[in-house]
Structure formats: C-alpha cells, structure tokens
Amino acid sequence: MSLFQRSRSVLLAVAAAGVVVASGVAVIGTAEAATTLGASAAEKGRYFGAAIAAGRLGDSTYTGILTREFNSVTPENEMKWDATEPSQGRFTFTNGDRILNQGLSNGSKVRGHALLWHAQQPGWAQSLSGSALRSAAINHVTQVATHYKGKIHSWDVVNEAFADGGSGGRRDSNLQRTGNDWIEAAFRAARAADPAAKLCYNDYNTDGVNAKSTGIYNMVRDFKSRGVPIDCVGFQSHLGTGIAGDYQANLQRFADLGVDVQITELDVAQGGNQANIYAAVTRACLAVSRCTGITVWGIRDSDSWRTGENPLLFDNSGNKKAAYTSVLNALNAGGTTTPPSPSSPSPSTPPQPGGACSATISLNSWNGGFVATVRVTAGSAGLNGWTVGVTLPSGTAVTGTWSASGSGTSGAVTFRNVSYNGQLSAGGATEFGFQGTGAGPTATPTCSAG
Ligand code: XIL
C-alpha cells in the first residue's frame, strides 16, 4: 500500500467515525443539513417512517421514495387480524413478512400494527364473544408477536379502544365486552411473546388534551402503577385543517408518565395550512425528548386511504410537496436536541426457581368477580410442558380461561399449557389467565413440569 493509499484509508476511517458521531448525538460544527427525512430525523435520535402496502412494492417510484426517505415502516394492513389469521388458528404471514423484509433489508425499523382492534377482524372473530373471544384474542397476540419476535421495534398492541366524545371511556366492542381487562391481558401476552418490542397503545382524536386522550392517560397511569407492561403511546394524528394548541403539551404529559410517545399515522388534509401543520407536529415531537419518531400514513397522495384529500408529503407523481419541505426544514432546524435516552423495555429478569418452575398470580378483582393473570417461570432447566395448581376459596368458580387448558371450576383447579406456550427456555416465562365469579384466589399457585 502506498503512502497515499494508506493516508487515504485513514482519512476514510476518520470520516466514517465522524458520521457515526453525527448520527448518534449531534451535528458538530457546520455540517450540511441532511437532505432526507430519515437522515435528518436520525440526527435527532429519531426515526421518520411511512405506512407501506405490500401490493405497491413492485412500483419503483414508490420504493425509490421509500428507500431514499424513510427509516421506519409500518404495514398499512398486512399485520392486522384479518390478514394474519383469516381462519381461526391458521396464520398467514406472507404479506406481513414482505413488509418486514422490505424494512429490515433497508436498515429500517419496523412498527407492528396492530395486534387487537375492533375493526378489520376476521369474520370468525367477529362472531365470537365472551371467553371464547378472549382466549382467541390472546392466542392471536401470542402467535403473531412470537412470529415476529425480536424484529419489531414497536407493536401497536391495542388500537382505538377508547370512545370518541366526552365520556373518556372505552369504546363498545366485542373485545371490550369480554371484560375491561382485555387491554392489559393483551399487553401481558405481547410482552411474554416478544420481550424486546416496545408495546404501544395507539389511538386517534387524541391530538391534544381532551376527554378521550385523558381517558387513555388515566389508563396508562394505572398500567404504570400496577406494572402492566406498556412502553409507548401512539398518536395517530389524522389531522384536518387545524392542530390543537396543546398538541405538544399533550405528548409531554404522557411522556411524563414514563412512556415513549410516537406519532404513528400522520396525514393532514390538503389546504392552506397543510405545510404549517406538518411542521408543527414535527417541532412538537422534537421538543419532547421521549417522542421517538414520526410515521406518515402513506407515501404519495395517491397511496392515501383518505381518497381525494391529498394529505401526504409527495404528490401523485412522487414529487416533493411544500409539506415535505416544511417537515425537512423543521427536522433540520431542530438543533441539537438530546436524543431520547434508550428506553427499551428491560423486563426484570425473572427469578429462576430451583424447581422445575414457579407461578405467580396477579389479580384484578371487583365485588363478585375477578380476572387472574398467572405468570409461569421456568427453572434453570427449561420446560416442555407445565401444570399450575390453584386453590380457589369456597364459593368461587372459574368461568373462562385463556392461553391454558383448565380442569375443574372450583376448589383445587389445575391449568396446563396449550400447544404454543408449553416450551420455555431456562428462566423463560409465559402468561395465561382465567376469570371467575366470587373472590379471587389468594394462595400462591403451585407449578410443576409436564
Ligand atoms: C386504514 C388503511 O389505511 C386502509 O387501507 C384500510 O382499508 C383501513 O385501515 N387507523 C388505523 C389504521 O389504525 O390501521 C387505518 O388504516 C387508518 C385509521
């Protein structure tokens, strides 16, 4: 190697190191402004993503913009319940995997959307209710999150469960009718299946402090206080021609609860204010240190679900709109915002019992009934099948079970693993649940192998 070649390779190494510094912390000195959304967001420790559709991946204009501009993808429809479990227990991941691979091969993050939702359910789930639906829903969460384990940055575990209007309460749905704890049961199942993914609650009409966002805020606060695993809240931000003055303050109050916040489905009606509203959302996210990224719900106006509203950053031909420029400028002007501290969920290492396994119960009870969530933790040898024994107080009866098969409804009852959650590696854990009438169990359950 000549001296010239040697010094050139040293220079390249220094330059490469400089890029790492610039993308990880802050732009130093007079670095040129980033020229794509993803690169600029990355300089601020954030991602900039788009919802994409498997059916459009053959369109080179579309994929050209996608790979150039975005460093996160969300499947627009491909990971929803109707797409992934069209008949009960038969899972199809072909199109979800196409989105996943498109994202991963481009070095992008992948947001999972959405495990449970009242809409886009397969017909078979729409016709279920009660414990059959609860059990099917939790199984769905477990199976889908397990299939994508380790590959998803954030999952929308539950989508749109709160009602619009002033009640601040839950939306009525078949899922809601299985019991108010369906959301926490879903989050616990998702955590057990994929401990590395951030678990989000996602909703719309929450873009400011209002009755609906406050209802969600109260749920998140309750979850955090009781140790229900939740890491993030998604604000869809399907916006019209205005934006709430307290948009940023609303993000901040959620962040102050100890969760990340993400803008998950941004699109803004075309009109005089479109570019300004996009910029305001971008600035709000940059100003909240736990706002980890922004996703727009499609690439070109012609890709949008809001037909005729032209709500996206690229026109039908793939040209950058004024809204694009205003987002990029807002990102570049964002200064040297401290990137959010890494807050990947760090589930506490489960105790590794000396025996084959151990089980703990957490109880959600009310006058006359209860829901129990049981966590089964394998011992140091790992498990191929488990049995949990629970002693119920007299007068208590089990009325439904999910993610386990139960035997007996009163007195001493046992629960065995089902096909998909019997195998646990050493120290690994899974959860199942049951509900019943009367007072919940108070004694520690027993756990044995097989
Ligand atoms: C929309 C998709 O964009 C459409 O293609 C589909 O027909 C209906 O769903 N909130 C959500 C998204 O969480 O999943 C929705 O996506 C838009 C509203």
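Because the model is predicted, local features are considered only at pLDDT of at least 70 and side-chain atom pairs only at pLDDT 80 or more, while totals for chains, interfaces and linings use all residues. Residues are numbered from 1 along each chain as its sequence is written, and side-chain values use heavy atoms, with hydrogens and water left out.

Helices (H or I, at least four residues) and strands (E, at least two) are DSSP runs, numbered from the N terminus.

Which strands pair with β9? Two strands pair if DSSP finds at least two bridges between them. Strand β1 (residues 47-52) pairs with β9 in the parallel sense over four bridges, and F48 stands opposite I294 of β9. Strand β8 (residues 260-268) also pairs with β9 in the parallel sense over four bridges, and here L266 has V296 in β9 as its bridge partner. Together with helix α11 (residues 274-287), β8 and β9 make a right-handed β-α-β unit; right-handed means that, with the strands pointing away from the viewer, the path from the first strand over the helix to the second runs clockwise.

The next topic is the aromatic rings. Rings of Phe, Tyr and Trp (its six-membered ring) pair if their centres lie within 6.5 Å, and planes under 30 degrees apart count as stacked, over 60 as edge-to-face and the rest as tilted. By this rule the count comes to 14 aromatic pairs. In one of them, the ring centres of F93 and Y148 are 5.5 Å apart and the planes stand at 85°, so the pair is edge-to-face. F93 lies in the loop between α4 (81-84) and α5 (94-105), and Y148 in the loop between α7 (130-147) and β4 (154-159), so the pair ties together parts that are 55 residues apart in sequence. Both F93 and Y148 are buried.

F235 and F254 have ring centres 5.1 Å apart and planes at 80°, so this pair too is edge-to-face. The pair links strand β6 (residues 232-235), which holds F235, with helix α10 (residues 247-255), which holds F254, across 19 residues. F235 is buried, with a relative accessible area of 2%, and F254 counts as buried at 1%.

Turning to the ligand, which residues come nearest? Of the 13 residues around the ligand, these are E76, K80, H113, E265 and W297, where near means that a heavy atom lies within 4 Å. A polar side-chain atom of E76 lies 2.5 Å from an oxygen atom of the ligand, and one of H113 lies 2.6 Å from an oxygen atom of the ligand. In E160, a polar side-chain atom lies 3.1 Å from a nitrogen atom of the ligand.

Finally, T396 lies in the loop between β13 (386-391) and β14 (397-402). T396 is buried, with a relative accessible area of 3%, and a polar atom of its side chain lies 2.6 Å from the backbone oxygen of A439.

Methods
Buried means under 20% relative accessible area, exposed over 50%, partly exposed in between (1.4 Å probe, protein chains only). A polar contact is a pair of N or O atoms within 3.5 Å; within protein, one must be able to donate a hydrogen and the other to accept it, and residues adjacent in sequence count only if both atoms are side-chain atoms.
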